[in-house]
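Good morning, and thank you for coming. Please look first at the sequence and the structure, and then I shall take you through them.

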Amino acid sequence: MSASTCTVPSSISQMSWMDKINGPYHKQALWLYTAIVLAHWCEHLAQAIQIYVLDWPIAESRGVLGLWYPWMVKSELLHYAYALIMLIAFWLLRKGFGGQSYTWWMIAFWIQFWHHIEHALLQGQAIFQHNLFGSPVPVSMLQLVIPRVELHLFYNTVVFVPMVIAMFYHMFPLPGEAGHQGCSCAWQPRAPKT
Amino acid sequence: MNLVRAVISFFLIALVAVSIAGWIWAGGQPAAQAIGARVVLVLCGLMSVGCFALLWSARPLHGDAPVNDASQHV
């Protein structure tokens with residue numbers, strides 16, 4: 001666990017912004033971050049519905065923003081930006097977590113790190129107009145065995161689930177962990193099992 | 001605070017539904033693609049269900065909202 005979670009400066013004004021977002025404003029920072037993650041989910045779920053339910057061609061299924069701004073998807077910018085923002089946020093907000101929740105948060109961070117590498121590959125191909133493996137469209141590594149739409153549903157799931165577990169243990173700290181949190185995110189002590 | 005769990009749960013349920021729809025849709029795709037798609041869609045569905053169950057497994061001792069569930073009184 002980070003030392004910063006155990007340090008209590010005399011006043012908020014004396015804190016660095018990193019200490020603030022991992023301390024007194026951790027809850028608000030996590031709300032904002034969760035909103036970004038869920039907005040990203042909206043894009044992927046909308047795209048999946050367009051393909052699976054509405055039977056749109058895959059190339060025309062561009063999620064939500066991509067319907068109005070196709071260039072955001074075609075340039076790979078939209079999802080690369082989401083991947084990068086999420087990676088940075090995972091890193092910035094990590095010190096607010098402790099114990100079990102920190103472990104799960106960092107699992108999500110490292111998976112997101114790989115997810116970001118995949119998007120960086122796609123972004124690079126879009127920028128340099130040179131696709132890997134002679135493909136007619138930008139491709140990422142695991143796309144060689146798993147179709148892109150399903151692969152990125154999977155990537156976002158394996159990032160989202162440990163992130164939610166981390167938040168769960170943060171809201172309901174295990175016995176002995178609650179006292180080490182420098183924020184007000186913890187809801188209440190966990191009820192004993194009956 | 002239940003709002004957080006409710007919002008996240010909505011997305012988890014949507015993901016399960018999309019995984020099921022994707023499984024059916026993948027049946028019409030070439031075999032090599034269908035297998036890969038279905039494997040990851042099953043994993044998405046299972047992880048979502050597990051995450052949903054965990055999310056609602058804990059309850060506060062003294063909630064910040066009235067608690068009517070008899071199981072709270074231990």
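This is a predicted model: local features need pLDDT of at least 70, side-chain atom pairs count only at pLDDT 80 or more; totals for chains, interfaces and linings use all residues.

Let me begin with a question: does A:Phe133 count as buried or exposed? A:Phe133 counts as exposed, because it has 8 C-beta neighbours inside 10 Å. The cut-offs are these: with C-beta atoms placed from the backbone, a residue is buried if 20 or more other C-beta atoms lie within 10 Å of its own, exposed if 12 or fewer, and partly exposed in between.

Residues are numbered from 1 along each chain as its sequence is written, while chains are lettered from A and ligands numbered from 1 in the order in which they are written.

Now the overall composition. Chain A has seven helices and zero strands, and chain B has two helices and zero strands. Here helices (H or I, at least four residues) and strands (E, at least two) are DSSP runs, numbered from the N terminus. Of the 194 residues in chain A, 45% are buried; for chain B, the figure is 27% of 74 residues. In chain A, 59% of the contacts between residues at least 6 apart in sequence join residues at least 24 apart. Two residues are in contact if their C-beta atoms, placed from the backbone, lie within 7 Å.

The largest nonpolar core has 61 residues. Such a core is a set of buried Ala, Val, Leu, Ile, Met, Phe, Trp, Tyr and Cys residues joined through C-beta atoms within 7 Å. At least two residues of this core come from each of α2 (26–52), α5 (77–92), α6 (99–128) and α7 (148–171) of chain A, and from each of α1 (2–26) and α2 (31–55) of chain B. The largest contribution, 17 residues, is that of α7(A). Among the residues with the most contacts inside the core are A:Trp105, A:Ile165 and B:Cys51. Leaving aside neighbours within four places in sequence, A:Ile165 is in contact with A:Trp104, B:Cys51 and B:Leu54.

Which helices do the buried residues of α1(B) pack against? They pack against α2 and α7 of chain A, together with α2 of chain B. Those buried residues include B:Leu12, B:Leu15 and B:Trp25. The end C-alpha atoms of α1(B) are 35 Å apart, which agrees with the 36 Å that its 25 residues should span at 1.5 Å a residue. That expected span is 1.5 Å times one less than the number of residues.

The helix α6(A) can be treated likewise: its 30 residues should span 44 Å, and its end C-alpha atoms are 43 Å apart, which agrees. After α6(A) comes A:Gln129, whose phi is positive, near 55°, although this residue is not a glycine. A:Gln129 is exposed, because 7 other C-beta atoms lie within 10 Å. The loop between α6 and α7 of chain A that holds A:Gln129 is also where A:Phe133 is found, and A:Phe133 has a positive phi of about 60°.

Finally, consider A:Gly23, in the loop between α1 (17–21) and α2 of chain A. A:Gly23 is buried, because 23 other C-beta atoms lie within 10 Å. Not counting residues up to four places away in sequence, A:Gly23 touches A:Met15, A:Gly96, A:Gly182 and A:Cys183.
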